[in-house]
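Hi everyone, and thanks for coming. Have a look at the model on the screen with me, and I'll walk you through it.

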Amino acid sequence: MLKFLHLADVHLDTSFYSKNENLRKKLRDGIRKSFSKAVDLCIDEKVQGLLIAGDLFDNDRLSFKTEQFLIREFCRLKDNNIKVFYATGNHDPGHMSYRVNSIKWPDNVYLFKDNEIKRVNIKDFNGETLGRIISCGHRTNNDSKNLVKAFPQREGKIPHIGLVHTMVTNVRDSENHNRYLPCSKEDLESKNYDYWALGHIHKRLKVSDRCDIYYPGNIQGRHPRETGKKGGLLVSIDENCDVKVEFRTLSTIEWHSININGLEDIKEYSQLKKYISNIISDYIKENSLLSRELVLRVELEGRAFLKAELSLQENLEEIVEELTLDMDLLELEIKVDRLVGRIDGEDYKGGNHVLALVLEVLRDIGEDEEILNRLLEIPLLKKGIGKREEKIAYIRELLGGIDEEAVGYMVGDRYEDK
Amino acid sequence: MRINRFEIKDFGKFTGGKTIDNIDSRVALFYGRNEAGKTTIFNLIKSVMYGFFPAKSNLHPYSSWENGRIEFTAHITTDDGEIAVYRKLLSKPQGRYVIGENSFNIKNESLPMNSHISKEIYDKIYSLQVEDLIEIQGKAWEEVEDKLLANYGTTTIRNTRDALKDLKEECEKIWRESGRGKYLVKELENEIRQLKKMKKEAYVREDEIRKADRRIIEIEARIRELKEDKIELRTLLNKAKELVPIKKKLEQLNRLNDNLIKEDLCLSLPHNIREKSIELKRDLEEIKDRKSRTIKILNEKKDEIYPLTTMDKLILENKVKINTLSKDYEKIENMEESINKVKHRIARLRDRIFHESKNLLTEKWSNRIRERFENINKSELKILVSNYKNAAHELHEAKLKREMKVANEFKISLSKSYIYSLILSLILIAMGFLRGNNIFKTVGIGILTYGMGGIIGYINMKKTLNSNAEREELDRLNEEVYRLRERLKLDREKLKAYLAEIPISSLIIENMDEMFLPSLMGIKDMVYELKELEKELDIYSSAHMEKRKDLNDFLSQFIFDIYINEDGRIFLLRDRLEDLEKRVLINENIDKEILALEKDIKLFGERYREIESVLKDHNLRLNEIGDGKLERGLNIVEKNYRLRTKIHEIMEELNEGDKREVLVKEVRKHELENPWIFSDYETLRSEEELEEINQSLKELEVERARLEENINRLSEGCSLDEIESRLILLEDDLERASKKRDRLALLSEVIKLSDEKFKEENQPDILKNGGKYFRTITNNRYTNIFLDEYEECKNIMVKELGETVPKRVVGTFSKGTLNQLYLALRLSLIDYLDRDREALPICFDELLINWDGLRLNSSLKLLDEISERRQIFIFTCHDWMAEKIEKSFNVERIEL
């Protein structure tokens with residue numbers, strides 16, 4: 001039986017979303033720890049190979065320390081007779097001028113560093129072939145050719161595993177990623193491989209319902225949008241080519257994001273702090289998280305009595321500091337720009353005035369083609385959305401909960417003065 | 001709402017109680033020249049409906065010019081009935097209205113029946129002056145739309161224009177299409193650009209830092225290398241300094257060892273053999289001398305021993321017995337003293353018995369009597385004496401009772417008073433019979449009864465005392481005396497019999513007194529005590545005799561001088577024993593000394609022989625060393641000793657710190673591996689080499705310091721990590737800002753299109769109604785009014801009768817037509833605002849003054865129609881106009 005661990009987008013020595021230098025250091029060390037955990041897992045699970053689908057490190061400025069760390073970890077795998085199959089990505093391309101080539105990798109590391117498609121067989125102690133790795137790497141940081149099409153078709157009965165750092169263009173979540181070495185889901189499916197070990201999208205993703213084509217996501221979140229548990233996929237392929245895929249958490253620090261509503265009746269600081277604190281505690285409990293390894297973004301939204309107070313940076317810093325200490329969080333960020341004044345939109349629905357009509361229009365916006373067309377004509381700042389569907393999806397996203405804001409603007413200060 | 005009457009106490013120019021009560025309920029016409037008070041009335045109407053603004057009399061423009069206050073009452077007809085509104089403004093506003101019998105305090109608030117129209121709207125729409133009618137285009141119309149139409153009815157909702165303006169401002173804070181001015185996205189993009197530039201610079205800096213780091217690593221490696229060389233060289237030089245003297249000593253040691261002669265034999269002799277031989281000879285002489293002195297002392301000691309005689313030995317053997325008997329002798333003396341004391345007490349007791357018995361006994365005290373007393377039992381005697389005494393006592397008692405009985409026999413005699421009473425009664429009775437006097441009879445019978453009663457009592461008493469029981473008691477007492485007498489006799493006999501052997505006279509017994517028994521008992525006790533003392537004397541005497549016998553028997557085995565009395569012998573023996581014991585102790589000590597001296601003598605002999613042997617052995621060895629010559633042998637031994645001392649000194653120096661073996665090993669090792677360290681020339685050359693290394697190290701350290709300084713300088717700016725993190729943060733902020741702007745833009749668009757839709761839905765009624773009014777005013781010249789939006793600017797279009805395309809209202813239209821169009825729209829708006837509510841009065845101030853006759857008539861016709869629904873106040877200063885209105889509406893002017 002062939003058993004391997006599939007990792008991608010480790011991004012060693014990457015930069016992080018944080019103003020806090022200590023946290024950045026922790027996150028940087030955290031990635032190394034996560035990678036060490038991955039190596040431990042390989043050893044404990046007695047896998048035959050570790051598959052890395054690109055972007056092992058973030059850029060050519062890999063520190064000597066991290067370089068030494070990588071060599072040390074790969075040597076640990078070598079000591080346990082585990083091979084490393086490493087296909088380069090757009091962040092760690094394999095051309096001679098790039099860093100990958102200047103590192104002296106241990107001899108258990110198979111490097112796929114250019115566009116040439118190579119096949120490597122994985123053998124057991126008796127020399128019997130357990131599986132075949134077919135892979136190519138990114139030569140430069142801007143490879144845009146679809147190389148998957150050129151991958152050979154499956155041959156024979158031995159398990160075939162494709163390893164590549166690619167952008168599958170027709171899957172969800174692909175729109176936010178650059179189109180390096182792009183291919184389609186169908187290109188991958190057509191090869192009839194037993195497993196495709198992909199890299200590039202940082203979110204864990206099963207690309208096809210028909211075949212085992214996976215993005216494992218990155219090994220540790222780097223910013224508030226890369227949330228939740230991160231890790232690798234432990235894959236077993238038996239003699240009958242039945243594939244078993246199991247996610248294993250490797251991240252030591254997790255990013256999470258919570259949206260908090262219901263601030264309408266909260267009129268004082270201690271009440272607000274307690275309310276947020278309770279929600280965070282519940283969230284931590286529900287998701288079995290360890291607070292001191294948690295980087296949390298809290299998005300306050302909806303009607304809030306204390307909107308004005310919360311818009312003051314000083315007040316926000318105070319509550320962030322207290323909550324971080326009280327809850328022993330690694331880091332906390334609170335966003336308040338989705339807060340609106342304390343006015344109930346329901347009071348204005350159905351009236352004989354413009355606001356009632358605004359609320360009605362917002363409610364029916366999806367069904368009114370004419371209004372939608374008019375909104376589509378508005379020049380938007382968001383870049384990279386050319387298609388009508390993409391724009392509609394974006395507009396829908398923006399209009400979510402906007403009725404409260406509409407009420408805020410239409411009623412506004414005059415109401416509050418009263 | 002129609003105002004019927006004003007009762008003005010103070011309001012502007014009206015003071016002192018002006019009443020205006022001829023107000024027409026449909027069209028109220030106020031006529032007066034300028035400053036006659038038309039505007040005052042117009043403001044009075046507003047104050048009736050909305051209260052005072054400002055709410056202080058000293059600030060209000062219509063405070064009474066004379067009294068500085070406001071006070072009025074207005075009588076109004078409303079949909080709910082007749083009401084009276086009273087308002088007053090001093091320092092504080094007051095207000096109430098009365099409807100039917102109910103009075104309501106409204107302070108300075110609006111009347112509830114006009115609360116659906118704000119004061120602001122009333123000012124703008126309901127009160128019209130001629131100059132208002134030209135303001136129709138542009139902003140004025142938008143204002144009408146926004147404030148009075150679109151969000152009318154919900155005072156909390158802002159006008160759409162303001163909301164859109166805020167949104168636009170908010171959007172422009174984030175992003176501006178023009179790119180001009182300061183806005184968030186621009187700032188963020190600028191900062192991002194700046195950071196990206198900084199990032200490039202940081203890359204360059206980092207490259208330089210990396211190069212410097214690499215060079216530092218190389219330098220450090222070279223420094224480490226040089227330091228190791230330096231340490232090695234220094235170590236070897238230090239070693240050379242340490243090992244060269246060692247090596248020299250080792251060579252000296254070898255030379256000294258080579259000079260030693262017959263060292264084994266020499267080592268078996270003391271190094272100072274010459275002195276040692278002399279010393280041994282001297283020791284021999286001394287031992288000899290000491291031995292002879294010890295023998296002499298031994299003999300003296302032997303003479304000091306005391307020889308014990310047979311008698312001494314006997315005394316020492318009976319040491320215990322002598323000590324015991326000497327102590328017992330004191331007891332014997334005590335016994336003799338006790339015997340004498342007992343004997344003395346016996347003699348005294350015998351004398352007392354003799355004396356005591358003399359009073360009681362009839363004979364002289366003898367042993368026979370003593371024996372009898374000894375046999376008396378005290379208890380028996382006590383019982384017998386007691387019985388006798390009791391019997392005597394009881395007899396005496398019985399005799400006394402009997403005598404008492406006899407003596408107490410009663411002698412009862414009859415009282416003479418009874419006899420005299422009897423006689424007197426008889427006399428009285430008789431006299432009574434004789435005289436026939438009942439009183440005498442009655443008194444006589446009474447006294448007779450008394451006398452008879454006494455006599456009968458006496459007879460009965462006599463009978464009782466002479467009864468048988470008395471006699472029986474006396475007999476019983478006589479019998480008792482007899483019985484006791486017999487018992488006394490028997491007890492006396494018993495006592496006499498018990499004391500028969502004791503010579504006591506019967507008289508004493510029979511006349512026994514109280515001292516009888518104690519005397520007997522005293523003698524009995526003394527006899528007993530005497531017996532006990534005699535027993536005690538016997539015991540003492542026998543013990544004394546036994547002890548005395550033991551002493552005499554013991555003393556009999558010793559021989560004493562005749563003149564020593566018996567009592568002193570035992571003490572003599574005791575003293576002799578003590579003396580002997582001291583002598584024995586002295587003898588024992590002398591014996592121990594003799595033993596020690598004998599041992600010394602033996603040891604002296606052994607030691608002498610031993611030294612003699614050693615001396616002989618030394619001489620033999622010295623002869624061997626000196627090849628038969630004793631003196632030569634002595635010289636060789638002494639020379640070897642000197643050489644050995646020197647070797648020893650060198651060895652000690654080498655052994656300092658217990659490192660000799662290690663050092664020797666090191667010397668051997670370095671002789672093979674680094675022989676140069678023992679060469680002065682080579683060590684000098686190495687020291688120079690060391691200097692060169694130091695110089696290189698210094699140069700490398702200077703270079704490292706320079707590089708580190710360079711790194712510090714390069715690191716002073718933002719680090720790449722900081723820049724990249726900041727970039728990520730800014731990109732996130734930019735994305736959020738973009739999203740926010742897009743959201744606001746969408747919201748703005750939604751509000752805009754909702755506003756259009758609303759107006760589209762609501763405008764037609766107003767425009768339609770306005771068109772109808774315009775048609776009336778213009779005598780069917782214009783039929784419809786439209787609103788058209790072109791390039792964000794709204795234009796009013798009107799349609800002429802018979803035309804299909806509406807005409808845009810522009811400045812070329814006649815002033816009158818524009819006024820009429822505006823009036824038509826205003827009236828239509830007023831209808832819209834008041835729909836389903838109380839119709840508020842409208843005020844026209846010289847409004848129709850410039851209109852031509854035809855359109856004036858048409859307008860008045862329209863107003864007539866409107867006055868059916870609401871009251872119209874018209875103010876004019878033109879007489880012709882006043883007349884025209886009077887005629888048109890059939891009303892009378894109110895002159896001010």
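Let me start with a question: of the 36 residues of H20(B), how many are buried? The number is zero, so H20(B) lies largely in the open. By buried I mean that 20 or more other C-beta atoms lie within 10 Å of a residue's own; with 12 or fewer the residue is exposed, in between it is partly exposed, and C-beta atoms are placed from the backbone. Helix H20 of chain B runs over residues 680-715, and from its first C-alpha to its last it reaches 52 Å. That is close to the 52 Å expected at 1.5 Å a residue, where the expected span is 1.5 Å times one less than the number of residues.

Now some housekeeping. This is a predicted model, in which local features need pLDDT of at least 70, side-chain atom pairs count only at pLDDT 80 or more, and totals for chains, interfaces and linings use all residues. Residues are numbered from 1 along each chain as its sequence is written, while chains are lettered from A and ligands numbered from 1 in the order in which they are written.

On to the two chains. Chain A has 10 helices and 17 strands, and chain B has 24 helices and 14 strands. Helices (H or I, at least four residues) and strands (E, at least two) are DSSP runs, numbered from the N terminus. Chain A has 418 residues, 39% of them buried; for chain B it is 21% of 896 residues. Take contacts between residues at least 6 apart in sequence, a contact meaning C-beta atoms, placed from the backbone, within 7 Å. In chain A, 71% of these join residues at least 24 apart, and in chain B, 73% do.

Where do the chains meet? The contact takes 38 residues from chain B and 38 residues from chain A. On the side of chain B that touches chain A, helices H4 (160-174), H5 (184-258) and H21 (720-777) of chain B each supply at least two residues. The largest share, 24 residues, comes from H21(B). By class, that side of chain B has 15 nonpolar, eight polar and 15 charged residues. Here Ala, Val, Leu, Ile, Met, Phe, Trp, Tyr, Cys and Pro count as nonpolar, Asp, Glu, Lys and Arg as charged, and the others, Gly among them, as polar.

Let's stay with H21 of chain B for one residue, Leu744(B), which lies in that helix. Leu744(B) counts as buried because it has 24 C-beta neighbours inside 10 Å. Leaving aside residues up to four places away in sequence, Leu744(B) touches Leu167(B), Glu170(B) and Cys171(B).

Finally, a helix pair in chain A. Helix H1 (residues 21-44) and helix H2 (residues 64-79) of chain A pack at an angle of about 10 degrees, with their axes 9 Å apart. Axes are lines fitted to C-alpha atoms, for helices over the stretch in contact, and angles run from 0 to 180 degrees between N-to-C directions. That makes H1(A) roughly parallel to H2(A); under 35 degrees counts as roughly parallel, over 145 as roughly antiparallel, 65 to 115 as roughly perpendicular and the rest as oblique. Among the residues making this contact are Phe35(A) and Val39(A) of H1(A) and Phe69(A) of H2(A).

Key: Two residues are in contact if their C-beta atoms, placed from the backbone, lie within 7 Å.
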